[in-house]
Amino acid sequence: MKPLAQESDKHLVELAQAGNLDAFETLYHRHKERLYTVAVGILGNHSDAQDIVQEAYLRSFSRLEKLRKETSILAYLLRIVSNAAIDILRFRKTSHTVPLEGANQGIDEIPDAQRNPEVAMEEANRVSILQEALLTLPADQRVVVVMHHIEGLPVQDIAEQLKIPVGTVKSRLGRARETLRRKLQGKLEG
């Protein structure tokens, strides 16, 4: 028998549905960073992002027996994380701004210390400007931008996960790109 870390998601879900808690823990460790990246990208808040990822696993564990065999556990978890992040934004009563608490951590890479410090500072500044602009987008646009451009998900997958038409995903991406283009015009040169 293979170690659990080498098993497919599908097999781990089957094991977890049969009561194997180690299989479910393996799924958690396999996907937690990706889910966290999506959550922090939507919220810009590390504490809430961590809470959402844990909440997603608790929700999925309590409903695991209902998960259909053809459903990807990652898609299912991404949908829970996205919906929970949107709920937090709604609760804050604003979808246009969020706290920038540590916004430079989690969705970007730390500049390589081996490089020229001036180049590293410029890169860090550009990343910060991009993140601040991203966090000003309305929640519905921010979600699709994070899922498409940060997580690399195809438009079709985003539509399925958010249960919205493909055309809606495309229009949200288009509006978000135009908004970001206007906000960033002249700020990223260098």
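Of the 190 residues of the protein chain, 43% count as buried. The model is a predicted one. The chain has eight helices and zero strands, and its largest pocket has a volume of about 360 Å³.

**Overall fold**

- Read from the N terminus, the elements of the protein chain follow the order α-α-α-α-α-α-α-α.
- Contacts between residues at least 6 apart in sequence join residues at least 24 apart in 66% of cases.

**Surface**

- The protein chain has an accessible surface of about 10,800 Å².
- Carbon and sulfur atoms account for 52% of that accessible surface.

**The largest pocket**

- A total of 17 residues line the largest pocket.
- Those lying nearest the centre of the pocket are R68, T71, Y76, R79 and K163.
- Sorted by class, the lining holds nine charged residues, four polar ones and four nonpolar ones.
- Helix 4, which spans 73–91, and helix 7, which spans 155–162, each supply at least two residues of the lining.
- The most comes from helix 4, which gives five residues to the lining.

- Once neighbours within four places in sequence are left aside, A159 is in contact with I164, P165, V166 and V169.
- V169 is ten residues away from A159 along the chain, and the C-alpha atoms of the two are separated by 6.2 Å.

- With a relative accessible area of 6%, Q161 is buried, because the value falls under the 20% cut-off.
- Not counting residues up to four places away in sequence, Q161 touches A75, L78, R79, M147 and L153.
- One of these contacts of Q161 is R79, a residue listed among those nearest the centre of the largest pocket.
- A75, L78 and R79, which Q161 touches, fall within the 73–91 span of helix 4.

Definitions and conventions
Residues are numbered from 1 along each chain as its sequence is written. This is a predicted model: local features need pLDDT of at least 70, side-chain atom pairs count only at pLDDT 80 or more; totals for chains, interfaces and linings use all residues. Side-chain values use heavy atoms; hydrogens and water are left out. Helices (H or I, at least four residues) and strands (E, at least two) are DSSP runs, numbered from the N terminus. Buried means under 20% relative accessible area, exposed over 50%, partly exposed in between (1.4 Å probe, protein chains only). Contact means heavy atoms within 4.5 Å. Accessible areas come from the Shrake-Rupley method with a 1.4 Å probe; for residues, only the protein chains shown count as cover. On a 1 Å grid over the protein atoms alone, a cavity is a set of points where a 1.4 Å probe fits but cannot get out, and a pocket is an open set with protein on both sides within 12 Å along at least five of seven lines; lining residues have an atom within 4 Å of a point. Grid points are joined across faces, edges and corners, and a volume is the space filled by probe spheres set on the points. Ala, Val, Leu, Ile, Met, Phe, Trp, Tyr, Cys and Pro count as nonpolar, Asp, Glu, Lys and Arg as charged, and the others, Gly among them, as polar.
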